[in-house]
Amino acid sequence: MLVGFDHADDAGVYLLTPEQALVQTVDFFTPIVDDPYTFGQIAATNALSDVYAMGGRPLTSLALVCFPEKGDLEILEKILAGGLSKMMEAGCTVVGGHSIRDDETKFGYSVTGVVHPQRVLANKGARAGDRLLFTKALGTGVISTAIKKGTAKQNWIDAAVKSMTTLNKAAAGVLITSDMGANSGLAERSFAGEPREAVTTWPVHALTDVTGFGLIGHAREMALASDVSLVLHSAKIPVLDGALECVRAGNIPGGLTANRDFAECLVEYEDGIPEEVKTILFDPQTAGGLLISVASGEAAALTRALGAATVPAMEIGEVLPRTKPLIRVTP
């Protein structure tokens, strides 16, 4: 076992050979949007994300379905079709699944991928002096809550859906195989019978995706696993259109409150940060972005490379030697 659950990582990694390891994860949840096809897409995107967050490539998946006995099978068909569309985009084969009768619809996948054992990107390994990059924007949790209450504006919904149905495939591809010039180190890899090839890797020291525990929750896991402290610059953290309005209107999911109750004791805020900004940092994300700890000298170049791959990325903070507080948030 190369990566287990001791540091709350995104997926498990199990060694098969000196050149190949399995990445395994599972995720499913209840509908967060009205359209069943879109719900299927979001569930698949979310499940695949944990494989990308380990630096892996998804290979196969198993669908997990809970559906009412007297439910409209056309709805189920659309959910499955939406999920399949994202699995096909990821190049991940759906090899089967399991369904049960349930009064409440739930859907997701167990996903298996592969990664070179020396190329695993865990949440442990962030180093003092690193810069923190973040892809995607916060706010899917509060916007989803507004959708359920019927108060979300259409442009808010559109932005949230686009985020939740965008795979982290392109971002992971940049992190693993991008050409970063003379300062890069060459490595060899072999995935599932593919020819061995020299690839250039970025000096990424730690990686996680920001999902149910919110930005602060997953940043906390990275800091504890790496024995470091983090500084987050709130003004640089991207937020979805409408997300702060949702917070001000009281569209607070239960998961956000739980995240804040659990992790805020380790956070120190500098003066001048609005309450709604503090709140959004704990928002539980679905199919959220990647939080990347990268060597400071390569942060700008990596940000540009991600942008060239149509992956929006912002430098949102830095890594410090372990101190108190564990996480400091600046205006």
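Residues are classed by relative accessible area as buried (under 20%), exposed (over 50%) or partly exposed (in between), with a 1.4 Å probe and protein chains only. The structure is a predicted model, in which local features need pLDDT of at least 70, side-chain atom pairs count only at pLDDT 80 or more, and totals for chains, interfaces and linings use all residues. Residues are numbered from 1 along each chain as its sequence is written, and side-chain values use heavy atoms, with hydrogens and water left out.

Most residues other than glycine have a negative phi, and most peptide bonds are trans. T310 has a positive phi, near 60°, and is not a glycine. T310 counts as exposed because its relative accessibility is 70%, and it lies in the loop between α10 (299-308) and β13. Helices (H or I, at least four residues) and strands (E, at least two) are DSSP runs, numbered from the N terminus. A positive phi of about 55° is also found at D227, again not a glycine. D227 is placed in the loop between α6 and β10 (228-233). The peptide bond between K324 and P325 is cis, with omega about 5°; P325 belongs to the loop between β13 (313-321) and β14 (327-330).

The structure contains 11 salt bridges, a salt bridge being a side-chain nitrogen of Lys or Arg within 4 Å of a carboxyl oxygen of Asp or Glu. One of them pairs D227 with R322, with the closest N and O atoms 3.0 Å apart. Because D227 is in the loop between α6 and β10 and R322 in the loop between β13 and β14, this pair ties together parts 95 residues apart in sequence. D227 is partly exposed at 49% relative accessibility, and R322 is partly exposed at 42%.

In another salt bridge, R248 and E276 have their closest N and O atoms 3.1 Å apart. R248 lies in helix α7 (residues 243-248) and E276 in helix α9 (residues 275-280), so parts 28 residues apart in sequence are tied together. R248 is exposed, with a relative accessible area of 52%. Salt bridges with shared partners also join D102, E104 and K106 into one network.

The side chains of K86 and E89 form a salt bridge with an N to O distance of 2.8 Å. Both residues are in helix α2 (residues 73-90), three residues apart, so about one helical turn separates them. K86 counts as buried at 8% relative accessibility, whereas E89 counts as partly exposed at 40%.

R220, in helix α6 (residues 214-226), is buried yet has no salt bridge. With residues up to four places away in sequence left out, R220 is in contact (heavy atoms within 4.5 Å) with F262, A263, L266, L326 and I327.

In strand β4 (residues 93-101), which holds G97, contacts of G97 beyond four places in sequence are with L62 and A63. The C-alpha atoms of G97 and L22 are separated by 19 Å, the two residues being 75 apart along the chain.

Helix α1 (residues 36-52) is largely enclosed by the rest of the structure, since 16 of its 17 residues are buried.

Definitions and conventions:
Lys, Arg positive; Asp, Glu negative; His and termini not counted.
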